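Thanks for passing this one along. Here are my notes on its charged pairs and a surface patch, for you to read beside the model.

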Amino acid sequence: STLLLALHQLRQQGKEIVVAIAGEGPDRPRLERLIKDLGLQGKAHLLGYREDIPLLLQACDCFVLLSEDEALPGAIIEAVVVGKPIVACKVGGVPEILEGYPLAKMVPPKDERAAAQAILEMLMLTKRDIPPLTFQKWDIAETVNRLEILCRRWLYSGG
């Protein structure tokens, strides 16, 4: 719902932004009501379960994950791999995954104002603003090591 509230705020500022939300879960009826209540029909699309995530990532201008609790979100790793600008909540393993990634903004959970501002900043990037991605920091050995540390931390903290 934070994403929908941020979208509503941006649209009130005159920003013509559309979001597509992939995934399915028990919150769908609540999100459908919120879309209707905020007048976001046609501007916020609930795509449901999808198997074509790589295509969706290629099509989007910015990847947003505003979960309030995340251990090790694979979706963010996928967005990093394809070099997308990312807005995400600073929770769980997210800061460690995005450490040093030049196209990321992290925001506090449940803060639609910060999310709206971060989304706008990421969408305003142009091709010339985006630095060439160097994956020196993300070589395979380092990636495996970091993932192992995150998994161990998650396992030993009780998940």
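The points below go through salt bridges and then a nonpolar patch.

1. A word on the basis: this is a predicted model, where local features need pLDDT of at least 70 and side-chain atom pairs count only at pLDDT 80 or more, while totals for chains, interfaces and linings use all residues. Residues are numbered from 1 along each chain as its sequence is written, and side-chain values use heavy atoms, with hydrogens and water left out.

2. The whole structure has seven salt bridges, each a side-chain nitrogen of Lys or Arg within 4 Å of a carboxyl oxygen of Asp or Glu. One of them joins Arg50 to Asp52, with 2.7 Å between the closest N and O atoms.

3. Do look at Lys110 and Glu68, whose side chains meet in a salt bridge at 3.7 Å, N to O. This pair links distant parts of the chain, 42 residues apart: Lys110 sits in the loop between strand 5 (104-107) and helix 6 (112-123), and Glu68 in the loop between strand 3 (63-65) and helix 4. Helices (H or I, at least four residues) and strands (E, at least two) are DSSP runs, numbered from the N terminus.

4. Shared partners join Glu24, Arg28 and Glu32 into one network of salt bridges. Within helix 2 (residues 28-37), Glu32 and Arg28 lie four residues apart, about one turn, and their salt bridge spans 2.9 Å, N to O.

5. Finally, Ile77, Val81 and Val82 form a nonpolar surface patch with about 220 Å² of accessible area together (Shrake-Rupley method, 1.4 Å probe, with only the protein chains shown counting as cover for residues). Patch members have over 30% relative accessible area and no salt bridge; like charges are joined within 9 Å and nonpolar side chains (Val, Leu, Ile, Met, Phe, Trp, Tyr) within 5 Å. Val82 lies in the loop between helix 4 (74-81) and strand 4 (86-89).
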